[in-house]
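Please keep the model open while reading.

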Number of protein chains: 4
Amino acid sequence: MPLSPEQQAEIDALRASPRPTLRAVSDGMERHLYTAYPVLDHGFVRVIDYMGDDAAICQAARVSYGKGTKAVSNDAGLIRYLMRHWHSTPFEMCEIKLHVKLPVFVARQWIRHRTANVNEYSARYSILDREFYIPAPEHVAAQSTVNNQGRGAALEGDEAARVLEILKADSARAYDNYEAMISQDGQQGLARELARMNLPANIYTQWYWKVDLHNLFHFLRLRADAHAQYEIRVYADEICRIVADWVPAAYSAFEDYRMGGATLSSKAIDCVRRMLKGEEVTEETSGMSKGEWREFMGVLGE
Amino acid sequence: MPLSPEQQAEIDALRASPRPTLRAVSDGMERHLYTAYPVLDHGFVRVIDYMGDDAAICQAARVSYGKGTKAVSNDAGLIRYLMRHWHSTPFEMCEIKLHVKLPVFVARQWIRHRTANVNEYSARYSILDREFYIPAPEHVAAQSTVNNQGRGAALEGDEAARVLEILKADSARAYDNYEAMISQDGQQGLARELARMNLPANIYTQWYWKVDLHNLFHFLRLRADAHAQYEIRVYADEICRIVADWVPAAYSAFEDYRMGGATLSSKAIDCVRRMLKGEEVTEETSGMSKGEWREFMGVLGE
Amino acid sequence: MPLSPEQQAEIDALRASPRPTLRAVSDGMERHLYTAYPVLDHGFVRVIDYMGDDAAICQAARVSYGKGTKAVSNDAGLIRYLMRHWHSTPFEMCEIKLHVKLPVFVARQWIRHRTANVNEYSARYSILDREFYIPAPEHVAAQSTVNNQGRGAALEGDEAARVLEILKADSARAYDNYEAMISQDGQQGLARELARMNLPANIYTQWYWKVDLHNLFHFLRLRADAHAQYEIRVYADEICRIVADWVPAAYSAFEDYRMGGATLSSKAIDCVRRMLKGEEVTEETSGMSKGEWREFMGVLGE
Amino acid sequence: MPLSPEQQAEIDALRASPRPTLRAVSDGMERHLYTAYPVLDHGFVRVIDYMGDDAAICQAARVSYGKGTKAVSNDAGLIRYLMRHWHSTPFEMCEIKLHVKLPVFVARQWIRHRTANVNEYSARYSILDREFYIPAPEHVAAQSTVNNQGRGAALEGDEAARVLEILKADSARAYDNYEAMISQDGQQGLARELARMNLPANIYTQWYWKVDLHNLFHFLRLRADAHAQYEIRVYADEICRIVADWVPAAYSAFEDYRMGGATLSSKAIDCVRRMLKGEEVTEETSGMSKGEWREFMGVLGE
């Protein structure tokens, strides 16, 4: 259960008392505010605050482009134009603040996105809870045989069971020993900043994470991608669902131009042109490496 | 007049229609929303949006420090503690979006603060208005005789009048010629992206500027300072007034620890200790340079 | 002439005295060090310092990917792989420091790239030189008739001559008056921080600009692009020429995947697939807007 | 042993072959290049590359301040002036690239400094080595009784021995099981990206970390501070030692104004002034909280 009854009561209270504001309001987002959407076995994502909406993106763009932008018939068209031409600053004018609970090894990937604000629970200052990520059996996957950085199909036979047994037992023992070391019952108690070093990377941490929409889209493009590790992708997927309700026009443009789009190299463009003229182009005549050609074929749906 | 009747009507309409939200609301800030506060002769500052309040700073800090922070009896005390110990991340959890109209030479100083989001009116795309900053006579100041980077007292006699005459005449001529060059009346018309090069640095531009509270405080410390150029300081002063209503506890801590505070070097601390023990310390026995000693005397109120 | 004899003598002295270092050395870059390459009528670009080379990019990537990367047969292949998969961090491990002299209106575009370090000549502190950008006649272009943000062909007939006359006369008068206002000959002299406001945007400024290779590539992709304003593009082109000698493998990958590449939306990819199956796809059946279709046709070379 | 014989051979080769360069060279830094200085039981810090020296800081400042800065008689004086007045941009003109091997719980603190470039060894891609941080007995400290976030004296009696026993045993077991899970001997082998979650936070990772001198000083001020956790402070101390040789004048100014300096609030300044006039000021009459007063007394050396 991701939230304590106490936390749930606080959320219910916050959701029960709307207040008037003169700011831009996204009705789609108001419905999500504070609600903790479960992710993995103990994690969650919930929206704490947001700034702006689709109209705010257009308003900022119109400051830049003045009267000229009035020619674009509607907001959705303007937003598509901005996304297509990599005009990123209007998207930076929207901001979201999330409360996320996630395993440490996921947090370590996530934090690599530097253009964001973070307040993480401090295990130097406070005691971590006994909550560990244990994958569902269908996600206990083998090392990929084609890609050093990835996983293949779920483990077969007893192997998955052995893995789950190890993860559970090691987590439990590590936490028992963490508690034993910091205990001040009959002993001084080890400093928390030291004791935490015994805890494995599947323990849960939590943070507030604040980011603007442009940088959030960049995060989502990388982390909601099929090549992202499953355990971070499920967070990205959940955030995608929320963003689609917050800024529907911007999210739709993001899906078309970023998530569903592809970048072709000058070699790849040349191949497409030759193919459209009827030429039979092969890996050998493409000038591409084996890997590039395979990816290019993927884009063409071959 | 900073705003057109059309813009004022839009502001009045926005201010007339509050909508319900579940987000944190700062009542002090709601009163300022959209209102354009005049700065200099044609400029203004107005708040377009904001995220968070004093409570949001504490909420973020409590994620980091867990139950420990509950010991601090109240939010104001916690905020003072965070400010004193340079715990900047909770302040980054608040965000403000301003619409600012300002002379180009002020904008050039302002943009040096890189950790912010900006959408500026594009003179490549659109035509700038005929609005120039002409200082009030009491601000037409002489070059400082003690500081290469600064100004002294107001110019005396006819000199100020001559300066004002030059600034007005050159601005008017530059704008007349700007218009003449881009005109498509009986000629092709020069590209706007080229014509703008004829305009002087006292022409007004405008932008949306979005920044988090930590970085805003850094901006204000430098730009609301007595050593800042007057023409940017008046913007900073106006923003200070707004921020004081938005996050009163954070602003109060900022005033005490940053605006009103001072950093002493190890040499200066050593001097204070010696003085408190009754020693007569002079510039010669302080180990400081002439400039350091003068600044140190300033901190001591001598 | 971009450099004073004094500056040229300093450059010659620096270039005459190589010193031993244990750091990575790029021979291609050493040849460029300190040399001021002229840009526009009074501007220049020169390399002051650099860190890293092609091998440094691979070295950093191999820290990340460990033994796995040894499989890639050579550095150029690894660099192409990193560029293709948007693995940007190894490119951030190279750094360049440039000294650039450029008109103020170009500097204002340039500074919008925030992830860089800048030290600009301060007109608050020092007196600017009498140097203004006056376009060559073939670059005195008309406003574009198809694009609000851009220029068309060179002005015809007397119009260009009139424009050049205006730019020269206004620059000269503005500078004369700048000098007259700050003069301390028989008067107090206006503060420099005020007097500078009379100077137009075609006056030259200069700065040191330091940036990592990843962010430099981003700058170059936007500013060496055919849609960039000519006056910034010539700087970008000059930097491209230098970077090609500094990190030849990285620059070659950048050319293929970024400068010469194109991003297709999911709609565009769908169209390509249908076309390759022999379907006749038109703007109407593409699902694209007029603008998107035109750009898509451009990618296909139609 | 921090480095393998293979790595040491590579370092020796690099150190044996200086090459000529025209760039700024810091002789003090050349002596450190590539050498791995041991930190903790298996960690190290070593300089991979650097850009700039004390003269480069002054050179950048002189671009900004023009002829005015020539008045400052020497580089050291100018650097002190820049540091005292928080003119940070000239310090950003120097850059350093470090290779650091460090425990994961230290890396998690370190990475919170966002303005830096990082390439970390990927446990998704590669297999981590069996190296864990086990504190020396004198560093196995009790939780602080005065500060939630900190540690007190070393544990007494058998307690430290029990802690060390736990840390060693749990690390060994976690690694044995990590190896067992990824083994492809008679089984498929768990994906590395999953198996890593079983490893505790005292396992060593490594990265390349590149940062400019201004941001490095900010890092050092926080992490070489007496309140920083011992395990990160030893890295900061080692880097301080290196920086002191690289940019001696800048480091000396940093020591005086930052490391050895202190920031006084407006209340504290008021108290100092009253004390110097002979008034007896107490916690009660100071207007400060208990915590502030204690810290203020610390600054005064009481």
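Two strands are said to pair if DSSP finds at least two bridges between them. In this predicted model, S5(D) and S8(D) meet that condition, with four bridges in the antiparallel sense. Within this pair, Asn117(D) stands opposite Lys210(D), which belongs to S8(D).

These two strands are part of an open sheet of five strands in chain D, in the order S2-S3-S4-S8-S5, with antiparallel pairing. Strand S2 (37–39) and S5 of chain D each have a single partner strand, so they stand at the edges and one side of each is left without a neighbour in the sheet. On average, neighbouring strands of this sheet are turned by 25 degrees against each other, direction ignored.

Helices lie against this sheet. Helix H8 (residues 213–223) of chain D packs on the sheet and touches S4 and S8 of chain D. The direction of H8 makes about 130 degrees with that of S8(D). Helix H9 (residues 230–246) of chain D lies across S2, S3 and S4 of chain D, at about 35 degrees to S3(D).

Now turn to the contact between chains. It takes 42 residues from chain D and 43 residues from chain C. Several elements of chain D each supply at least two residues of the side that touches chain C, among them helix H1 (5–16), helix H3 (54–65) and strand S5 (117–120). The largest share, five residues, comes from S8(D). The residues on this side of chain D divide into 19 nonpolar, 11 polar and 12 charged.

Strands also pair across the two chains. Strand S1 (residues 19–21) of chain C is joined to S1(D) by three bridges, and the two run antiparallel. Here Arg19(C) has Thr21(D) as its bridge partner.

Key. Residues numbered from 1 in each chain as written. Chains lettered and ligands numbered in written order. Predicted model: local features only at pLDDT ≥ 70, side-chain atom pairs only at ≥ 80, totals over all residues. Contact = placed C-beta atoms within 7 Å. Nonpolar A, V, L, I, M, F, W, Y, C, P; charged D, E, K, R; others polar. Axes fitted to C-alpha atoms, helices over the stretch in contact; angles between N-to-C directions.
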